[in-house]
Amino acid sequence: MRSCPVTRSITVPYLIRLLDRRPQQRLRRMGYRPRVLSAMSGFRGAVSLALALAVPTSLDSGAAFPDRDTIVFVTSGVIVTTLVVQGLLLPGVVRWARLPRDQSVEEERFLAETTATEEALEALPRVAAELGTDPAVADRMRQEYEAHLQVLRASGGEADDEEVLRHDRHYTALRLELLARKRTVVLRLRDEHEIDDSVLRQIQRRLDIEEVRLSRQRSAE
């Protein structure tokens, strides 16, 4: 008889800890809650079903193997029952495990956005000179990039500046509300036959793009 996977997930790691005291082994340790969840999430019955189906259909004498169909039926029933029970219990086990939130994607996004903004800001004077950009336009762009960089650093924990985050939240909320007002106005102009449907769709497309960008920015924060 094979032992219960959940039991193995709780007992075997402690045996490994007792026998293997290397520092690199300690770095791989985890609590019993994630181990139980890992055991509950594993596939069940593959080996058992393979063994049941491997039972020959007949003996060397040519007679049918006794109770082969019963073996396959009971094994399949146990597998199905286990999967159903496991599937119903798994959401509760996930909540019970209290797994920490995966921060790797957010950390990589923060690194990419911060580095890209810093290097773009550094290249701004040279690019503006090459393009012959008006100094007032270049200065406006620099201010926008510096403000965006401040928000990134504050949201990433590099700078403890709640005022910057509060200002950015208010700015995003105001922009979204004004987009909704603009959408209402262009719909009214279409209904009053001041503009046609093609113009309405063009403006709505631009408003949709800006709204999606602001909404993603708000959710990321």
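How much accessible surface does the chain have, and what percentage belongs to carbon and sulfur atoms? The accessible surface comes to about 16,600 Å², and 59% of that belongs to carbon and sulfur atoms; such areas come from the Shrake-Rupley method with a 1.4 Å probe, and for residues only the protein chains shown count as cover. This is a predicted model, in which local features need pLDDT of at least 70, side-chain atom pairs count only at pLDDT 80 or more, and totals for chains, interfaces and linings use all residues. Residues are numbered from 1 along each chain as its sequence is written, and side-chain values use heavy atoms, with hydrogens and water left out.

**Overall make-up**

- The chain has nine helices and zero strands, where helices (H or I, at least four residues) and strands (E, at least two) are DSSP runs numbered from the N terminus.
- In sequence order, the pattern is α-α-α-α-α-α-α-α-α.
- Of the 221 residues in the chain, 19% are buried; buried means under 20% relative accessible area, exposed means over 50%, and partly exposed lies in between (1.4 Å probe, protein chains only).
- Among contacts (heavy atoms within 4.5 Å) with a separation of 6 or more, 59% are accounted for by residues 24 or more positions apart.

**Helices α4 and α5**

- The axes of helix α4 (residues 46–54) and helix α5 (residues 68–97) come within 9 Å and cross at roughly 170 degrees.
- Here axes are lines fitted to C-alpha atoms, for helices over the stretch in contact, and angles run from 0 to 180 degrees between N-to-C directions.
- α4 and α5 are therefore roughly antiparallel to each other, given that angles under 35 degrees count as roughly parallel, over 145 as roughly antiparallel, 65 to 115 as roughly perpendicular and the rest as oblique.
- On the α4 side, the contact is made by S48, L49, A52 and L53, and on the α5 side by R68, I71, V72, T75, S76 and I79.
- By class, this contact has six nonpolar, three polar and one charged residues; Ala, Val, Leu, Ile, Met, Phe, Trp, Tyr, Cys and Pro count as nonpolar, Asp, Glu, Lys and Arg as charged, and the others, Gly among them, as polar.

**The largest nonpolar core**

- The largest nonpolar core has five residues, namely V36, L37, M40, V93 and A97; such a core is a set of buried Ala, Val, Leu, Ile, Met, Phe, Trp, Tyr and Cys residues joined through side-chain atoms within 4.5 Å.
- α3 (32–41) and α5 are the elements that give two or more residues to this core, and α3 supplies the largest share, three residues.
- Leaving aside residues up to four places away in sequence, V93 touches L37 and M40.
- In soluble globular proteins, nonpolar side chains tend to be buried together.

**Loop residues with positive phi**

- Most residues other than glycine have a negative phi.
- D67, in the loop between α4 and α5, has a positive phi of about 60 degrees although it is not a glycine.
- D67 is exposed, with a relative accessible area of 56%.
- H193, in the loop between α8 (162–191) and α9 (197–220), is not a glycine either and has a positive phi of about 65 degrees.
- H193 is exposed, with a relative accessible area of 72%.

- W96 is in helix α5 and, at 34% relative accessibility, counts as partly exposed.
- V127 lies in helix α6 (residues 104–131) and is partly exposed at 33% relative accessible area.
- V127 and A138 are eleven residues apart in sequence and 9.4 Å apart in space, C-alpha to C-alpha.
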